[in-house]
Amino acid sequence: MERFCFTFEIKEGMEGEYKRRHDEIWPELVELIQQSGLKNYTLFRRGTQVIAYVECHPDRATAFARIAASEVNARWAKWFEEVIVSLTDEYGNLYEADEVWHLD
């Protein structure tokens, strides 16, 4: 298992819409997330900044590759284009945060 944290920005004024869409998350997306090996997936928001934490099984590369290959994920990402500033840098990499410390 690999712990992973990444951040991104949502557009100013879209905070409520971002929350509403997650309140109504598609069941097929939840199923995809679970089947892809992502567990304990949590999103936090502070203003327009979103901090995501997830535990990837067996590892981040494998779990996210399963997600990326999905049509459901492509539809979800398209739906959020008007809400999110950018999920990735110019190379397609998520804005990841380095783990500094952990306590079980």
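Select Asn 40 and display its surroundings: leaving aside neighbours within four places in sequence, Asn 40 is in contact with Tyr 53, Val 54 and Glu 55. The model is predicted. Asn 40 itself is found in strand β2, which covers residues 38–46.

Next, show the side chains of Asn 40 and Glu 55. They make a polar contact with each other, at 3.2 Å.

Asn 40 and Ala 77 lie 37 residues apart in sequence, and their C-alpha atoms are 20 Å apart in space.

Now move to the helices. Select residues 27–36 for helix α2 and residues 60–68 for helix α3. The two axes come within 9 Å and cross at roughly 150 degrees. Angles over 145 degrees count as roughly antiparallel, and α2 and α3 are therefore roughly antiparallel to each other. The crossing in which α2 passes α3 is right-handed.

Which residues make the contact? On the α2 side, select Leu 32, Ile 33, Gln 35 and Ser 36. On the α3 side, select Ala 63, Arg 66 and Ile 67. Coloured by residue class, the contact of α2 with α3 divides into four nonpolar residues, two polar and one charged.

Note on methods:
Residues numbered from 1 in each chain as written. Predicted model: local features only at pLDDT ≥ 70, side-chain atom pairs only at ≥ 80, totals over all residues. Heavy atoms only, no water. Axes fitted to C-alpha atoms, helices over the stretch in contact; angles between N-to-C directions. Helix = DSSP H or I, 4+ residues; strand = E, 2+ residues; numbered from the N terminus. Parallel < 35°, antiparallel > 145°, perpendicular 65-115°, else oblique. Left-handed = near helix turned anticlockwise from the far one by under 90°. Contact = heavy atoms within 4.5 Å. Nonpolar A, V, L, I, M, F, W, Y, C, P; charged D, E, K, R; others polar. Polar contact = N/O pair within 3.5 Å; in protein donor to acceptor, adjacent residues only side chain to side chain.
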